[in-house]
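Here are some brief notes to read beside the model. Please check each point against the coordinates.

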Amino acid sequence: MNPALARHLDWFATLSPATLDEIDAVYADGASFRDPFNAIKGRAQIKALYARMFRSLAEPRFVIGEVIGQGDKAFVTWDFTFAMLGKPQCIHGGTLFVLGSDGRIVDHRDYWDAAEGLYEKLPLLGGLLRCLKRRVA
């Protein structure tokens, strides 16, 4: 595995409000980040997104799974665990990372199912989505 990527994955696995200031070593200044809810550019905005995650969720944590790398790109599977409405939750997903020439992340693209990962867990909307899912299946 690319040594820079290994360091970055360790950072994600131990990410906390205290380690958030180490983001300069992980993301390039003009890095882009995209997930089902966000499309942002710049390390400052990415840091703000993680800070908001810590303010909004109880005990957020990334558990790194498989890593497939080729050159300056890697796809990483993960579980994101947290508590919502007092109940433990887990979202399964994956990330495509592109590293710059200095080894820092220049592009971060998350892939996960927002319906299964979040919407289905909401009291009213979740029931409706689960019902629709059963009908379509």
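**Salt bridges, pocket and surface**

1. Arg43 is buried, at 13% relative accessible area. The model is predicted. The side chain of Arg43 meets that of Asp29 in a salt bridge, 3.6 Å from N to O. Arg43 sits in helix H2 and Asp29 in strand E1, so the pair ties together parts 14 residues apart in sequence. Asp29 counts as exposed, at 52%. A salt-bridge network links Asp24, Asp29 and Arg43.

2. The count of salt bridges comes to 5. One of them joins Lys47 to Asp21, with the closest N and O atoms 2.7 Å apart. Lys47 lies in helix H2 and Asp21 in the loop between H1 and strand E1 (27-34), so this pair ties together parts 26 residues apart in sequence. Lys47 is partly exposed at 30%; Asp21 is exposed at 55%.

3. Arg104 and Asp102 also form a salt bridge, their closest N and O atoms being 2.8 Å apart. Arg104 is partly exposed, at 24% relative accessibility. Asp102 is partly exposed too, at 48%.

4. What lines the largest pocket? It has 26 lining residues, and Asp35, Met53, Leu57, Phe80 and Trp112 lie nearest its centre. The pocket holds about 560 Å³ of space. By class, the lining has 19 nonpolar, 4 polar and 3 charged residues. Elements that each supply at least two lining residues include helix H1 (3-13), helix H2 (43-56) and strand E3 (58-70).

5. Tyr111 belongs to strand E6 (residues 105-111). Tyr111 is partly exposed, with a relative accessible area of 40%.

Key
Residues are numbered from 1 along each chain as its sequence is written. This is a predicted model: local features need pLDDT of at least 70, side-chain atom pairs count only at pLDDT 80 or more; totals for chains, interfaces and linings use all residues. Side-chain values use heavy atoms; hydrogens and water are left out. Helices (H or I, at least four residues) and strands (E, at least two) are DSSP runs, numbered from the N terminus. Buried means under 20% relative accessible area, exposed over 50%, partly exposed in between (1.4 Å probe, protein chains only). On a 1 Å grid over the protein atoms alone, a cavity is a set of points where a 1.4 Å probe fits but cannot get out, and a pocket is an open set with protein on both sides within 12 Å along at least five of seven lines; lining residues have an atom within 4 Å of a point. Grid points are joined across faces, edges and corners, and a volume is the space filled by probe spheres set on the points. Ala, Val, Leu, Ile, Met, Phe, Trp, Tyr, Cys and Pro count as nonpolar, Asp, Glu, Lys and Arg as charged, and the others, Gly among them, as polar. A salt bridge is a side-chain nitrogen of Lys or Arg within 4 Å of a carboxyl oxygen of Asp or Glu.
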